[in-house]
Amino acid sequence: MLVFRGLFQTKNKTKNNIVMHTEDLDMQNIPQHIAIIMDGNGRWAKAQGKVRTFGHQAGAETLKTIVRAADKLGVKVISAYAFSTENWKRPVTEVNFIMELLSRYLTNEIDEFNENNVQVRFIGSRKGLPEIVQQKMEHAIEATKNNTGIILNLAINYGGQAEILHAVRTIAAEAANGTLAVDDIDNNVIENHLYTKGLPAPDLLIRPGGDLRISNFLLWQIAYAEIWTTKVFWPEFTPDHLVEAILAYQGRERRFGGLISR
Ligand code: IPE
Ligand code: IPE
Ligand code: MG
């Protein structure tokens, strides 16, 4: 019986195996940090004749697959935009559903994060989040903190402007109480006061769903990120779309304001 159970488990694993076509990729030039604006859940659900929340559920599944695919490719950090500071404007039923989904996700996926050596982190403000979500976030950080594989950096109640405002206030308070001299405030000081402290800046920003905007994501950090968009909605985004985005990235010439000598 045990043997059979083992077989079934292997089968399930096979079913979850990542299928992607990596032959054209330059494995020496994989972006270290990819930021993803996980957009289009609601429109995808509507196109299936389903309620918007069905799309959020499907989108959570997509994230699992894409994190595993990215890890396989050697990506070090995925920053995934799950809920923005502006998303509170949505109907309370949708907001509540997303909060419950986050809470469930952060409970159910811990084992899988640990099996796959994924370290979970969060960016955004805890203030305003339901207590239970905050507890699950704390638990996810604690339970995965020793994992050394890919970092899944989840943006929850995140806004780029709110992040910069938070940094400015903290820096100003340090300047006012004399622990920081105004002349010492530089890019490093600012970066050390952002939620992303210690992480490299994103090399590649992916936005599915067809909109060509940033929607307040990582405003400071994306200064020189390469941007790739697709009309594909997030729930239907596959590892091959990730490969497509990285291939496009590998075709770009990153100049950082300088010149490339030829
Ligand atoms: C992104 O999908 C998820 C969140 C913003 C929480 P949307 O819910 O924005 O889906 P669309 O853009 O309306 O299709
Ligand atoms: C951005 O998507 C936020 C997330 C994906 C969490 P939105 O759907 O909120 O962005 P807008 O409103 O189209 O700019
Ligand atoms: Mg949207």
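A pocket, as the word is used here, is an open set of grid points where a 1.4 Å probe fits, with protein on both sides within 12 Å along at least five of seven lines. In this predicted model, the largest pocket has a volume of about 590 Å³.

To find the largest pocket in the viewer, select Met-38, Asn-41, Tyr-81, Ala-82 and Asn-87, which of its 29 lining residues lie nearest its centre. Then colour helix 2 (41-47), helix 3 (52-73), strand 2 (77-84) and helix 4 (92-108), each of which supplies at least two residues of that lining; helix 3 gives the most, with five residues. If you colour the lining by residue class, you will find 13 nonpolar, eight polar and eight charged residues.

Next, select ligand 2, which sits in this largest pocket, and show the residues around the ligand, among them Ile-37, Met-38, Phe-83, Arg-207 and Ser-215. Strand 2 gives the most to this shell, with three residues, and the shell as a whole divides into five nonpolar, two polar and four charged residues.

Now turn to the side chains whose polar atoms face oxygen atoms of the ligand. Begin with Arg-213, where an N or O atom of the side chain is 2.8 Å from an oxygen atom of ligand 2, and continue to Asp-39, where a polar side-chain atom lies 3.1 Å from a ligand oxygen atom. Finish at Arg-90, whose side chain has an N or O atom 3.2 Å from an oxygen atom of ligand 2.

Terms used. Residues numbered from 1 in each chain as written. Chains lettered and ligands numbered in written order. Predicted model: local features only at pLDDT ≥ 70, side-chain atom pairs only at ≥ 80, totals over all residues. Heavy atoms only, no water. 1 Å grid on protein atoms, 1.4 Å probe; cavity = no way out; pocket = protein on both sides within 12 Å on 5 of 7 lines; lining within 4 Å. Points joined across faces, edges and corners; volume = space filled by probe spheres on them. Helix = DSSP H or I, 4+ residues; strand = E, 2+ residues; numbered from the N terminus. Nonpolar A, V, L, I, M, F, W, Y, C, P; charged D, E, K, R; others polar. Near = heavy atom within 4 Å. Polar contact = N/O pair within 3.5 Å; in protein donor to acceptor, adjacent residues only side chain to side chain. Sits in = over half its atoms within 2 Å of the grid points.
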